[in-house]
Amino acid sequence: MFTQTRRIQAILEATAPVFRFMTESTWSRRRSEPGVCDFALGNPHELALPGFVQALQRWTPPQDKDWYAYKMSEPESQSVVAAGLRERRGVAFEPQDIFMTNGGFAAIAVALGAVVDAGDEVIFISPPWFFYEALIVSIGGHPVRVPVNRETNDLDLPAIAAAISPRTRAIIINSPNNPTGRIYPASTLEGLADVLLTASKQQGRPIFLLSDEAYSRIVYDGRAFPSPTAYYPSSFLLYTYGKTLLTPGQRIGYIALPPEMPGREEIRPALTASQMCTGFAFPNALLQHALPDLEKLSIDIPHLQARRDRMVSALRDMGFDVHVPEGTFYLLPRSPIADDWSFVELMARQDVFVLPGSLVEMPGTFRLSLTASDEMVERALPRFEHAVRQVRSSQTASAAA
Ligand code: PMP
């Protein structure tokens, strides 16, 4: 008889709500039906950018016998990434400090695998992206959850300081944040660096900062994006092109080590080894060939911002309590009924699919992805209004009873 390993059991436990949604929800059965309005995940609902398709077509014909040979972090890819980071951030990242991965998942797994020993603690912030806990468990680490300040959605620095123990090896920070949309301000990142430097000094070894910057190019209102890596030298910058290009199924991303990172020489081979034993976590050849073109492309951010504004103001007019995200493509309104799964199913009965906030440790809310099409938005808005009315009238009826 097959018995699950303890590691797989822990991973299944950490991802149980997501798995339940993926396999048992109305969304899981009906999401491909025509006419549904799907806000559940950050998936595309329109055809990919023409520039993306052209880039893949242009780089498909092999130019030499090694075109589709085994690929690792190819020097051309490393140069493209380093040049892009230098241009956008004004930081002299070196090509040899760029490690190409098949997306953000792999970047996180590889960085964790390179620095975390069995039993080491890794801090992550709640509400989190669904898979941090599972990724930490999968490399034998011990996840330690620290909530944000619920008023501001900013990092709670005293809580982070209090969570650090002699076994703390790393902390994962995600800005702009999925699901809150918060960009952590420079002052917070300075404070975080102070906390981490003090604790690292006390322990005589660095606590590594894993900076998940999946949404760093999806920011609104002309805001700047301060990268946590600019404030704390022992940082790994983790990136995926899957959000900027809205092509999460064609997987390419990277890990970048800042030029001032201490011990880079020892960290480089550790990362490459971790990439190999994570299942050869390098991007496929074609995506690396096409990278000079892909690096310059982006989905239309002003259009996404207009969609954000349309949805926020329409939902607020209906009485929803909803914040304005500074970046990412998610809204996180309060559910009109305390049980977010019930609200999700109520919306699903009207062919509108949203994500229960419980999946991101925010029970009583629901998450909407702005990657739905404009047409879905316009069709869905009256159904949200209808749902709110339905909930209110049943609440009034039960209060009167
Ligand atoms: N980090 C965050 C915060 C994310 O939202 C995602 C994708 N939802 C990832 C990492 C993983 O990105 P990818 O699927 O492109 O590997």
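**A walk through the predicted model**

At 38% relative accessibility, Thr-152 counts as partly exposed, a class lying between buried (under 20% relative accessible area) and exposed (over 50%), with a 1.4 Å probe and protein chains only. The model is predicted, so local features need pLDDT of at least 70 and side-chain atom pairs pLDDT 80 or more, while totals for chains, interfaces and linings use all residues. Residues are numbered from 1 along each chain as its sequence is written, and side-chain values use heavy atoms, without hydrogens and water.

Thr-152 sits in the loop between β4 (142-147) and α8 (157-163). Its C-alpha atom is 34 Å from that of Ile-98, and 54 residues separate Thr-152 and Ile-98 in sequence.

The protein as a whole has 15 helices and twelve strands, where helices (H or I, at least four residues) and strands (E, at least two) are DSSP runs numbered from the N terminus. Its radius of gyration is 22 Å, close to the 21 Å that the globule rule gives for 401 residues, so the protein is as compact as a globular protein of that length. The radius is taken over C-alpha atoms, and the rule is 2.2 Å times the number of residues to the power 0.38. Along the principal axes, the C-alpha atoms fill a box of roughly 70 × 55 × 55 Å.

Of the 401 residues, 55% count as buried. Among contacts (heavy atoms within 4.5 Å) between residues at least 6 apart in sequence, 74% join residues at least 24 apart. The protein also carries 37 positive and 43 negative side chains.

Helix α6 (residues 104-115) has twelve residues, which should span 16 Å at 1.5 Å a residue; its end C-alpha atoms are 17 Å apart, which agrees. The expected span is 1.5 Å times one less than the number of residues. Nine of the twelve residues of α6 are buried, and the helix is mostly covered. Among the buried residues are Gly-104, Ile-108, Leu-112 and Val-115.

Val-115 leads on to Arg-169, which touches it. Arg-169 lies in strand β5 (residues 168-174) and, at 16% relative accessibility, counts as buried. Leaving out residues up to four places away in sequence, Arg-169 also touches Val-116, Asp-120, Glu-121, Arg-205, Pro-206, Ile-207 and Phe-208. By contrast, Lys-296 is 127 residues from Arg-169 in sequence and 35 Å away, C-alpha to C-alpha.

The backbone holds some further details. Most residues other than glycine have a negative phi, and most peptide bonds are trans. The peptide bond from Ser-126 to Pro-127, however, is cis, with omega near 5°. Pro-127 belongs to the loop between β3 (121-126) and α7 (132-138). Asn-178 and Pro-179 are likewise joined by a cis peptide bond, with omega about 25°. Here the loop runs between β5 and α9 (186-203), and Pro-179 is placed in it.

Positive phi values come next. Leu-246, although not a glycine, has a positive phi of about 50°. Leu-246 is found in the loop between α10 (241-244) and β8 (253-256), and its relative accessibility of 14% makes it count as buried. Asp-351 also has a positive phi, near 65°, and is not a glycine. The loop between α14 (340-348) and β10 (352-353) contains Asp-351. With 25% relative accessibility, Asp-351 counts as partly exposed.

Note on methods. Lys and Arg count as positive and Asp and Glu as negative; His and the chain ends are not counted. The place of a charge is taken as NZ of Lys, CZ of Arg, CG of Asp or CD of Glu.
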